[in-house]
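Here is a short briefing for someone meeting this structure for the opening time. Please look at the sequence and the model below, and then read the notes by topic.

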Amino acid sequence: MVNTITADDIRERFSQAMSAMYQQEVPQYGTLLELVADVNLSVLENNPRLHQQLANTDELARLNVERHGAIRVGTAAELATLRQIFAIMGMFPVSYYDLSQAGVPVHSTAFRPIDDAALARNPFRIFTSLLRLELIENTSLRAKAAEILQKRDIFTPACRQLISLHQRNGGLTEQQGAEFVRQALETFRWHREATVDEETYHALHNEHRLIADVVCFPGCHINHLTPRTLDIDRVQSLMPEYGITPKVLIEGPPRRDVPLLLRQTSFKALDEPVQFKGDHTGTHTARFGEIEQRGVALTPKGRALYDQLLANAGTGKDNLTHQLHLQDVFRPFPDSEMLLRREQLAYFRYRLTPSGEAHRQAIRPGDDPQPLIERGWISATPIIYEDFLPVSAAGIFQSNLGNETQARSHGNASKTQFETALGCEVLDEFTLYQQTEDRSKRRCGLV
Ligand code: OOG
Ligand code: NI
């Protein structure tokens with residue numbers, strides 16, 4: 001095909017277009033981007049070792065473009081079409097998250113790039129939730145919600161045509177790619193005109209605020225777009241100075257010398273004017289802001305320890321008490337790259353240094369990397385966690401649903417049901433990290 005545009009290029013353009021649109025829709029997001037950029041710059045200035053490490057691992061360039069967004073859809077067909085759209089952008093479903101345990105009637109996956117080069121270029125991710133209508137207890141309301149969802153098409157006709165064109169031709173031209181980005185973006189735009197009357201909105205809202213959010217609008221509006229910071233504690237404490245009110249607690253692990261997994265915080269959802277059918281107006285809270293700090297991806301062993309410690313921690317009333325308590329609770333978790341590596345708690349990327357290159361023939365498959373690292377032949381850097389944490393996601397959902405939403409269990413996880421809706425299996429995150437580590441070892445001659 002002549003003049004094809006790559007999936008990486010389409011994703012890059014789409015994430016830029018999405019960020020520009022969200023800045024228009026939610027001006028506080030622009031302020032948040034400035035704050036995060038300022039803090040990242042000062043962290044790098046004060047920490048030359050981190051600066052060097054990020055530069056060496058191609059992480060520096062991606063930092064300023066790194067975002068994740070979140071959307072919620074209502075039907076299996078919508079989810080399956082999204083899978084095709086994201087595939088065109090080189091994003092694939094990784095992991096299954098059951099949020100029903102936290103009283104949120106959805107289950108989710110994250111669409112994201114999976115190979116090293118694509119992640120280094122632009123690791124844009126979309127946390128995507130599917131509403132579980134079967135969890136609406138009131139049967140007539142459930143039927144009504146299903147009927148409303150059946151009637152809508154959240155994709156533009158041109159977007160559908162470009163998806164088919166991509167499937168037929170195995171790619172898009174530059175011009176088609178640009179048009180695809182424009183058309184796909186429409187699905188994620190905020191619409192102040194609801195598709196239902198005020199009464200229906202309130203009936204669905206009373207069942208669960210999230211149900212109204214998914215069912216009552218003509219698209220699946222992006223509900224937040226999250227930049228990545230290198231110091232989340234600093235951003236959280238500076239937010240009020242920038243006119244932003246953060247949620248009380250930072251979710252996830254405590255601050256560490258070697259950051260683990262993912263830490264997140266958000267600011268409250270906005271009250272936005274809505275026009276209902278039949279000429280009534282009201283408000284809806286949908287969109288909010290979030291920031292995150294990413295750390296090393298944990299192995300199943302590391303993750304089990306993390307989950308166990310976090311379960312013991314509970315939640316504190318204010319962030320300072322909570323963080324100090326978490327620091328205490330996490331003491332058994334080793335906090336040096338060397339120990340995390342030796343105890344196989346986290347994944348690392350191995351590289352030959354220039355002197356390692358010179359001694360390549362002395363390195364044998366099966367060699368213990370540790371002495372080679374000490375000799376300066378091999379460097380090992382943490383593999384960044386690219387996924388999400390269900391407990392953290394639940395905390396983010398909850399804080400933006402209003403704290404009146406108490407946790408209630410909604411039955412069993414239903415991964416198979418989710419995959420049927422999606423039209424394929426979700427990828428296993430641990431397998432992906434293990435493959436990345438193994439590939440890097442192979443390049444060094446260690447396996
Ligand atoms: C998604 C919340 C989860 C995260 O970063 O964990 C999430 C939503 O509210 O739709 O985005
Ligand atoms: Ni998020």
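Helix α13 passes helix α14 in a right-handed crossing, a crossing being right-handed if the near helix is turned clockwise from the far one by less than a right angle, and left-handed if anticlockwise. This is a predicted model, in which local features need pLDDT of at least 70 and side-chain atom pairs count only at pLDDT 80 or more, while totals for chains, interfaces and linings use all residues. Residues are numbered from 1 along each chain as its sequence is written, chains are lettered from A and ligands numbered from 1 in the order in which they are written, and side-chain values use heavy atoms, with hydrogens and water left out.

- The contact (heavy atoms within 4.5 Å) is made by Leu 309, Leu 310 and Ala 313 of α13 together with His 325, Leu 326 and Val 329 of α14.
- These contact residues divide into 5 nonpolar, 1 polar and no charged, where Ala, Val, Leu, Ile, Met, Phe, Trp, Tyr, Cys and Pro count as nonpolar, Asp, Glu, Lys and Arg as charged, and the others, Gly among them, as polar.

**Aromatic pairs**
- The whole structure holds 15 aromatic pairs, meaning rings of Phe, Tyr and Trp (its six-membered ring) with centres within 6.5 Å, called stacked if the planes are under 30 degrees apart, edge-to-face if over 60 and tilted for the rest.
- The ring centres of Phe 86 and Phe 111 lie 4.8 Å apart with planes at 40°, so this pair is tilted.
- Phe 14, Phe 86, Phe 111, Phe 124 and Phe 188 form one aromatic cluster.

Technical notes
Helix = DSSP H or I, 4+ residues; strand = E, 2+ residues; numbered from the N terminus.
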